[in-house]
Amino acid sequence: MAASETVLRVPLGSLSQSCYYLPSFFVNSTPNLSFKPVNRNRKTVRCTNSHEVSSVSKHSFHSSNCVLKGKKFVSTICKCQKHDVEESFRSTVLPSDGLSSELKSDLDEMPLPVNGSVSSNGNAQSVGTKSIEDEAWDLLRQSVVFYCGSPIGTIAANDPNSTSVLNYDQVFIRDFIPSGIAFLLKGEYDIVRNFILYTLQLQSWEKTMDCHSPGQGLMPCSFKVKTVPLDGDDSMTEEVLDPDFGEAAIGRVAPVDSGLWWIILLRAYGKCTGDLSVQERVDVQTGIKMILKLCLADGFDMFPTLLVTDGSCMIDRRMGIHGHPLEIQALFYSALVCAREMLTPEDGSADLIRALNNRLVALNFHIREYYWLDLKKINEIYRYQTEEYSYDAVNKFNIYPDQIPSWLVDFMPNRGGYLIGNLQPAHMDFRFFTLGNLWSIVSSLASNDQSHAILDFIEAKWAELVADMPLKICYPAMEGEEWRIITGSDPKNTPWSYHNGGAWPTLLWQLTVASIKMGRPEIAEKAVELAERRISLDKWPEYYDTKRARFIGKQARLYQTWSIAGYLVAKLLLANPDAAKFLTSEEDSDLRNAFSCMLSANPRRTRGPKKAQQPFIV
């Protein structure tokens, strides 16, 4: 590699778990880190550091020249000589007496790896007699992406045998969440801090598709570290961050869940580390408010739920979830709760906090009251009268009883229930969506009784929802004419594959958090034990196919990072259940009282001029 192209890469396999991501770069450092717009159409962030390793003391972000100054937010040089970078790394990170001469010799001889690299022979690192957990940690660390010498995230997949990379070599916001939580649980905090702060800067970047720009608070779906020629000097190169806000994604759908997950991870970082300085930064507080304003903006909708298009979350292809999908509502509620904890009180945010509190109460009531489904509710829907024009109608959404699918009548157990996948006028999506239900438990969007009922339902339908590999992303799959009409005959979402009833091992960590919160960890233990039988032998696939999840997905990537991280988080939480508390939210008494008031209130509203009413202040 030419000297001008050299960027610091840390030989992951040679360092201890606590120092592989250069912690000393955040100590005793001094100049600026700056980002310059490269090209308004390319939407990249460029690192142009001075020749010293540095950190800054003030917090500010200037959009005019994209200069970031953040406390201890440091990066090494992108365009320095290889010798200078390596010597600086060895003299500041590696203790002179803390490593054996043999290890130092290994470091001298070991080539610097590229982002997300595997071993030089093109195969995943041999694990020998290592445990499955040790193998998973090795693979997770091999997926780490570096930007200017600092770890910034993990690539989506590290499949050495894949002939088509597509965008699996990028850092996805949603995909990094289990990776970030795994690192937090392991006590390795800097990679999560870097991820939070760098992605925050991408939020303010100009994003345009066909002359139209989305809301300013939109977070990217993913980003990639690229090496490009330096302006004015083709012999020199530098690294840039190139984000994708959906304008390059399949289907060109903006990622609604990215900003919600970012807020959830930010709160988890503060809870786990005890370091609240990150969430208290002015630029971070501004980022939270931008996301909230985008989500809480007034619109035409009569419901408190977020209205989104198909493909705007984990299910990122056409699957008939447009409208008000449960997954988005659960993440939305969770993000609102987390943001309420982190927002600093000030005069300028009083209206925003009031709107947030009112939305929390309304959303909580709406989901618990109208999305809940059990045998009793099915019978109630079966007896619905339709075309009710009144303010106190029972069938408020004009749901036709004939919509109840035949599979549901025999499928619903006597004990248990779940939150349906979607609700719109004259339409209920009766499918079971795993992530939405599990995160409703984690965030307390579901009541305590409903949360236990959801876990009862999963246990009762274990053979269908878990089978040979946890965990079905949704149930049942769409088949025949329904599949052709709703998916557009999507060849990737064929019945019992991918998003259409496929099994996704990454969902293990959400199941574990939910089970621990409700005091039923044995459910997660059973699922983890089942996954351990084959997930390593199958090379950590992205998803599994068939009704019982017996086949590796026909287009599944191997060494999928969030399959690896999801397993690790599940293992770490089962070993230390108390750690799950930094991911969960408990329903406070004010919310509960406000919810009770809504239940007892008269649903009839008087027509006429709107009267001033005292809003719920939580």
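Me: How many bridges join strand E12 to E13?
Reply: Two bridges, and the strands run antiparallel. That makes them a pair, as pairing takes at least two DSSP bridges between strands. Strands here are DSSP runs (E, at least two residues), helices are H or I runs of at least four, and both are numbered from the N terminus. This is a predicted model, where local features need pLDDT of at least 70, side-chain atom pairs count only at pLDDT 80 or more, and totals for chains, interfaces and linings use all residues. Residues count from 1 along each chain as its sequence is written, and side-chain values use heavy atoms, leaving out hydrogens and water.

Me: Which residue is the bridge partner of Phe-433 in E13?
Reply: Cys-474.

Me: And what packs on that sheet?
Reply: Helix H13 (residues 434-442) does, touching E11, E12 and E13. Its direction makes about 80° with that of E12. Touching means heavy atoms within 4.5 Å; axes are lines fitted to C-alpha atoms, for helices over the stretch in contact, with angles from 0 to 180 degrees between N-to-C directions.

Me: What's the strand order in the sheet?
Reply: E10-E11-E12-E13, an open sheet of four strands with antiparallel pairing. The edge strands, E10 and E13, each pair on one side only.

Me: New topic: how many disulfides are there?
Reply: Zero in the whole structure, counting cysteine sulfur atoms within 2.5 Å as a disulfide.

Me: Is Cys-313 buried or exposed?
Reply: Buried, because its relative accessible area is 0%. Buried means under 20%, exposed over 50%, partly exposed in between (1.4 Å probe, protein chains only).
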